Amino acid sequence: MGLSSKTPVYDEFIEGAKDGFRVVKDILPTLIGLMVGVGILRASGALDMLSGLLAPITGKIGLAPELLPLVLVKMFSSSAATGLLLDIFKEYGPDSYFGRLASIILSSTETIFYTMAVYFMAAGVTKTRYTLAGALTATLAGTIASVIITNLVF
Amino acid sequence: MLNYLWGLMIVIGIIVGIFNGTMANVGNAAINSSKEAVTLCVSMLGVMAMWTGMMQVAKKCGITSSLTKALRPVIRRLFPDIPEEHVVNEYIASNIIANILGLGWAATPMGLMAMRELRKLNGNSHIASCDMCTLLIVNISSLQLIPVNIIAYRSQYGSANPAEILAAGILATCISTLAGVIFAVTARKLGRRSS
């Protein structure tokens, strides 16, 4: 398709690949910071304590308490959630129930507060009306759907 | 925001570590995690660069612009207050397409351009218009069909089939987007009735 429209496909590929390179280069420092943070939390036993505290709440929607921190953190920061996801992969393995569910949850939700801050700042809006309620509805629906689908499929 | 979150992570980790007597583990975890982050990024470079390169080719060949055209009717439904030939239609369409293809870095600039135009349409008000709310909710509901980065992480951590979550992820994404769209459309109708 690219060849037929006389596009310099290779040159464009290189251009795009440079972009990808830049993205990874930019997230490296963030990822180091956040993986260190999560690593410290995990090693100290704080993550397990948090899961224990939250167990009664998450039980209601069938979500394992081990995954609640992931859902909460994802609302604030995508890279911090990535840190937690990798921690779950390390602890339980990517093909475990937790690993799969965490992958599906992260692929079906977005960062709420960051996105709202950036977009509304660009528009000079201070009153966001029902945006937050709608965003939370979508996130909750995605999370519940992830749990149900994972239980059914895997 | 992240400053507090990260600061709390470290402080809580250290305090709990002292109480649990796990300080040695905490120190090791900090060093190992930083090494791991670098290893991960180096091995992710290939997949990411390959993907964004392919996407760039698709863009230049006009695949994205024809997708944008195909999206027109959907946008008219979702954003009924936007004049039909207004440039903001293009921005919103590009934003949605980039999101679907998982090009976050391309989606955000387009989304911000759209917000700026919507602001003009809204008379520079500091109160969000219905169209702004809808755009935000749709963006946050996650549109990305192929979570390239998650698949890359899974393969990095030795998954036997990194892409096996694809179908389930797409389904969950559709459900979250559907919930967001239903909410946005209903809220718009209710708002109109009350005003």
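The points below concern a predicted model containing chains A and B.

1. Confidence. The predicted model scores ipTM 0.78 and pTM 0.79. For chain B, the mean pLDDT is 86, with 96% of the residues at 70 or more. Among the elements of chain B, the lowest mean pLDDT, 83, belongs to helix α2(B), residues 23-60, and the highest, 94, to helix α6(B), residues 130-140. Where pLDDT is low, the predicted coordinates should not be read in detail.

2. The interface as a whole. Contacts between the chains involve 79 residues of chain A and 81 residues of chain B. On chain A, the helices that each supply at least two residues to the side touching chain B are α1 (9-44), α2 (46-59), α4 (78-92), α5 (97-108), α6 (112-122) and α7 (131-153). The most comes from α1(A), which gives 27 residues to that side. By class, the side of chain A that touches chain B holds 43 nonpolar, 26 polar and 10 charged residues.

3. Helices α6(A) and α6(B) pack with their axes 10 Å apart, at an angle of about 145°. The crossing of α6(A) past α6(B) is right-handed. From α6(A), the contact uses Ile112(A), Thr115(A), Met116(A) and Tyr119(A); from α6(B), it uses Leu136(B), Asn139(B) and Ile140(B). Five residues of the contact of α6(A) with α6(B) are nonpolar and two are polar, with no charged ones.

4. Burial of α6(B). How many of the residues of α6(B) are buried? The count is 11 of 11, and α6(B) is thus mostly covered. The buried residues of α6(B) include Cys130(B), Asp131(B), Met132(B), Cys133(B) and Thr134(B). Leu136(B), Asn139(B) and Ile140(B), listed above for the contact with α6(A), are also among the buried residues of α6(B). After α6(B) comes Ser142(B), which has a positive phi, near 70°.

5. Packing of α2(B) on α7(B). The axes of α2(B) and helix α7(B), residues 148-156, come within 10 Å and cross at roughly 140°. Because of that angle, α2(B) is oblique to α7(B). The crossing of α2(B) past α7(B) is right-handed. Leu40(B), Ser43(B), Met44(B), Val47(B) and Trp51(B) of α2(B) meet Val148(B), Ala152(B) and Gln156(B) of α7(B) in this contact. The contact of α2(B) with α7(B) comprises six nonpolar residues, two polar residues and no charged residues. A caution on confidence applies here, as α2(B) has the lowest mean pLDDT among the elements of chain B.

6. Packing of α4(A) on α5(A). These two helices have axes 9 Å apart and pack at an angle of about 165°. Helices α4(A) and α5(A) are therefore roughly antiparallel to each other. Their crossing, α4(A) with α5(A), is left-handed. In the contact, α4(A) contributes Ala81(A), Leu85(A), Ile88(A), Phe89(A) and Tyr92(A), and α5(A) contributes Phe98(A), Gly99(A), Ala102(A) and Leu106(A). Eight residues of the contact of α4(A) with α5(A) are nonpolar, one is polar and none is charged.

7. Helix α3(A). In α3(A), residues 68-76, the residues Pro69(A), Leu70(A), Val71(A), Val73(A) and Lys74(A) are buried. Which helices do the buried residues of α3(A) pack against? They pack against α2, α4, α5 and α7 of chain A.

8. Glu91(A). This residue is in helix α4 of chain A. Glu91(A) counts as partly exposed because it has 13 C-beta neighbours inside 10 Å. From C-alpha to C-alpha, Glu91(A) and Arg42(A) are 9.8 Å apart in space, with a separation of 49 residues in sequence.

9. Positive phi in loops. Most residues other than glycine have a negative phi. Arg129(A), in the loop between α6 and α7 of chain A, is not a glycine but has a positive phi near 50°. Arg129(A) is partly exposed because 17 other C-beta atoms lie within 10 Å. In chain B, Asn124(B) lies in the loop between α5 (104-121) and α6. Phi of Asn124(B) is positive at about 55°, although Asn124(B) is not a glycine. Asn124(B) counts as exposed because it has 9 C-beta neighbours inside 10 Å.

Technical notes:
Residues are numbered from 1 along each chain as its sequence is written. Chains are lettered from A and ligands numbered from 1 in the order in which they are written. This is a predicted model: local features need pLDDT of at least 70, side-chain atom pairs count only at pLDDT 80 or more; totals for chains, interfaces and linings use all residues. Two residues are in contact if their C-beta atoms, placed from the backbone, lie within 7 Å. Helices (H or I, at least four residues) and strands (E, at least two) are DSSP runs, numbered from the N terminus. Ala, Val, Leu, Ile, Met, Phe, Trp, Tyr, Cys and Pro count as nonpolar, Asp, Glu, Lys and Arg as charged, and the others, Gly among them, as polar. pLDDT is the predictor's confidence in each residue, from 0 to 100. A residue is buried if 20 or more other C-beta atoms lie within 10 Å of its own, exposed if 12 or fewer, and partly exposed in between; C-beta atoms are placed from the backbone. Axes are lines fitted to C-alpha atoms, for helices over the stretch in contact, and angles run from 0 to 180 degrees between N-to-C directions. Angles under 35 degrees count as roughly parallel, over 145 as roughly antiparallel, 65 to 115 as roughly perpendicular and the rest as oblique. A crossing is left-handed if the near helix is turned anticlockwise from the far one by less than a right angle, and right-handed if clockwise.
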